[in-house]
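Here is a short briefing on one protein chain. Look over the structure first, then work through the topics below.

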Amino acid sequence: MEFSEGALRKLLGKYKFRDLTIEELKNVNKTYPSFTFSMNTYSNSYNIPIHLWILDSHPFAPPICFLKPTVNMGISVGKHVDAHGRIYLPYLQNWSHPKSTVIGLIKEMIAKFEEELPLYSLSSSDAARRSELLSYIAKITEGETDMKSQSKIGGGKNEGCFNKITVVGAGDLGIACVLAVAAKGAADKVVLLDLSEGAAKGGTMDLEIFALPNVEISKDFSASADSKVVVLTVNSLGNAQTYLDVIQSNVDLFRGIIPAISHYSQNTVLLVASHPVEVMTYVSWKLSAFPKSRVIGVGANLDTERFQYILTNILKAQVLAKDAWIIGEQGEDKVPSWTSCNLVANQTEAMAAHNSREEVANRAMEVLKGKGQRSWSVGLSVADLTDSILKDKRKVHSVSTLAKGCCNINSEVFISLPCILGTNGVIEMVKLEEDPLVQEKLQSTAGSIHDLQQQLKL
């Protein structure tokens with residue numbers, strides 16, 4: 001239509017800034033009188049080819065999503081898509097059954113890809129080159145597969161000899177674990193699985209900048225494949241009001257993590273450092289369906305090492321230290337215990353020795369109370385545990401393990417007890433000295449944990 005301000009005002013009636021738009025178009029008409037104006041509705045629809053891989057742990061684990069561009073399409077790398085076409089969306093990161101569904105995922109893809117198109121059209125020459133490249137890659141991949149098969153038959157260094165650890169969670173504790181494990185040198189490779197949304201920031205970014213050898217940062221669960229040990233450090237940062245709500249948020253978070261981890265590393269040892277350790281170790285055991293020996297919590301390993309150090313180096317009670325352990329629940333309810341009785345046969349002397357030992361233990365516990373559970377100290381404890389597992393040291397550690405059948409505990413709860421650790425996790429539980437007071441405390445702790453677990457929705 002020819003330029004008419006009245007007609008234009010009528011056409012642009014619903015425009016938010018109609019007058020400014022009309023002024024702009026007036027100037028266009030003055031400069032280029034041959035321009036004509038018409039009104040229409042703008043819309044675009046796109047066919048974006050995607051592949052959704054539904055895992056055997058579905059619906060508790062999210063699908064793995066990829067773009068599948070045709071030969072005349074290129075991938076636009078952005079905040080939701082990487083160079084390989086892997087799709088990352090908040091909906092996938094926060095996947096939680098039964099709230100999350102494939103239909104909901106597709107709806108979010110539509111919304112996000114409308115904001116930022118993940119594909120673009122290649123020119124005919126680019127498309128031809130891409131087709132040649134895809135064909136070439138296919139041939140290389142085929143040859144690589146053959147080479148892998150031959151190497152397994154020929155017997156080089158197979159995956160069974162490769163010590164890989166995955167740390168899940170890129171918060172302060174996760175990064176502390178990565179640094180401590182890397183410094184310990186027991187692992188050939190350490191993968192930090194960052195499940196946070198958006199770009200790398202904080203410590204994760206620093207790890208990328210300073211690129212530690214044998215450390216990989218990934219947002220992809222498949223990067224954890226064939227790990228010997230998987231360390232869980234994630235904690236929900238939701239707006240939960242009560243302690244139970246906080247734990248339930250963690251349970252919901254683990255629902256999307258444990259099945260995926262179990263899928264990629266079916267023979268791994270799960271080492272839980274998330275809070276509360278005892279409950280989250282139980283949750284990991286239930287969600288993974290792993291044998292009890294391959295699911296352990298960091299438990300009282302750090303407190304035990306400190307306790308033994310205090311006895312040996314501060315209180316100069318070396319004889320007591322070698323059989324001393326902190327057991328039970330991490331936190332205020334932990335109790336000291338002993339794995340053998342060094343008391344003398346005479347009853348009077350035995351009582352005196354027992355009282356003396358209790359006095360020393362109480363002094364050590366007072367010193368221990370002043371020590372916090374800082375991220376770096378827990379990270380060192382995690383490195384100590386992974387070292388024992390990977391090197392099959394058969395060393396005794398106080399870790400959270402399934403306590404049913406021990407100390408007259410009849411419920412499925414995980415509490416800290418001295419255990420011999422090896423390649424497959426807990427090899428054997430070490431027998432504690434019989435002490436009615438200690439057993440009573442452990443039974444009380446087990447009862448409280450069990451009551452809490454009964455309130456959770458797994």
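About 40 Å³ of space lies in the largest cavity. A cavity is a set of points, on a 1 Å grid over the protein atoms alone, where a 1.4 Å probe fits but cannot get out. Its volume is the space filled by probe spheres set on the points, with grid points joined across faces, edges and corners.

This is a predicted model, where local features need pLDDT of at least 70, side-chain atom pairs count only at pLDDT 80 or more, and totals for chains, interfaces and linings use all residues. Residues are numbered from 1 along each chain as its sequence is written, and side-chain values use heavy atoms, with hydrogens and water left out.

**Cavities**

- Rolling a probe the size of a water molecule over the atoms shows where empty space is left.
- The whole structure holds two cavities of 30 Å³ or more.
- S76, V77, G78, H80, V81, F113, E116, L117 and P118 line the largest cavity. Lining residues have an atom within 4 Å of a point.
- That lining has five nonpolar, three polar and one charged residue. Here Ala, Val, Leu, Ile, Met, Phe, Trp, Tyr, Cys and Pro count as nonpolar, Asp, Glu, Lys and Arg as charged, and the others, Gly among them, as polar.
- The second largest cavity has a volume of about 30 Å³.
- Its lining is made of V298, G299, N301, L302, Q330, Q373, V378 and S381. Helices α11 (301–314) and α14 (375–390) are the elements that each give two or more residues to this lining.
- By class, the lining of the second largest cavity has three nonpolar, five polar and no charged residues.

**Overall build**

- The chain has 15 helices and 15 strands. These are DSSP runs, numbered from the N terminus: helices are H or I with at least four residues, and strands are E with at least two.
- Of the 458 residues, 43% count as buried. Buried means under 20% relative accessible area, exposed over 50%, and partly exposed in between (1.4 Å probe, protein chains only).
- Take the contacts between residues at least 6 apart in sequence: 66% join residues at least 24 apart. A contact means heavy atoms within 4.5 Å.

**Nonpolar cores**

- In soluble globular proteins, nonpolar side chains tend to be buried together.
- A nonpolar core is a set of buried Ala, Val, Leu, Ile, Met, Phe, Trp, Tyr and Cys residues joined through side-chain atoms within 4.5 Å.
- The largest core has 47 residues, and V168 and L442 have the most contacts inside it.
- Elements giving two or more residues to this core include β8 (229–232), α8 (243–255) and α15 (436–454). Helix α10 gives the most, with six residues.
- Leaving aside neighbours within four places in sequence, V168 is in contact with L193, L195, V230, V231, L232, T233, V234, I257 and I261.
- A second, separate core has 33 residues, including L173, V269, A273 and V378.

- T166 lies in strand β5 (residues 164–168). T166 is buried, at 0% relative accessible area. Beyond its neighbours within four places in sequence, T166 touches V191, L193, S224, S227, V229, V230 and V231.
- D303 lies in helix α11 and is buried, at 3% relative accessibility. Outside four places in sequence, its contacts are I326, K334, L368 and Q373.
- V283 sits in helix α10 and is buried, at 0%. V283 and Q453 are 170 residues apart in sequence, yet 8.7 Å apart in space, C-alpha to C-alpha.

**Cysteines**

- A disulfide is a covalent bond between the sulfur atoms of two cysteines. The search for one asks for a pair of cysteine sulfur atoms within 2.5 Å.
- The whole structure has zero disulfides.
- C419 is buried, at 0% relative accessibility.

**Backbone exceptions**

- Most residues other than glycine have a negative phi, and most peptide bonds are trans.
- The peptide bond from H275 to P276 is cis, with omega near -15°. P276 lies in the loop between β9 and α10.
- A289 has a positive phi, near 60°. A289 is in the loop between α10 and β10 (295–297) and is exposed, at 67%.
- D392 also has a positive phi, of about 50°. D392 is in the loop between α14 and β13 (395–402) and is partly exposed, at 29%.

Methods:
1 Å grid on protein atoms, 1.4 Å probe; cavity = no way out; pocket = protein on both sides within 12 Å on 5 of 7 lines; lining within 4 Å.
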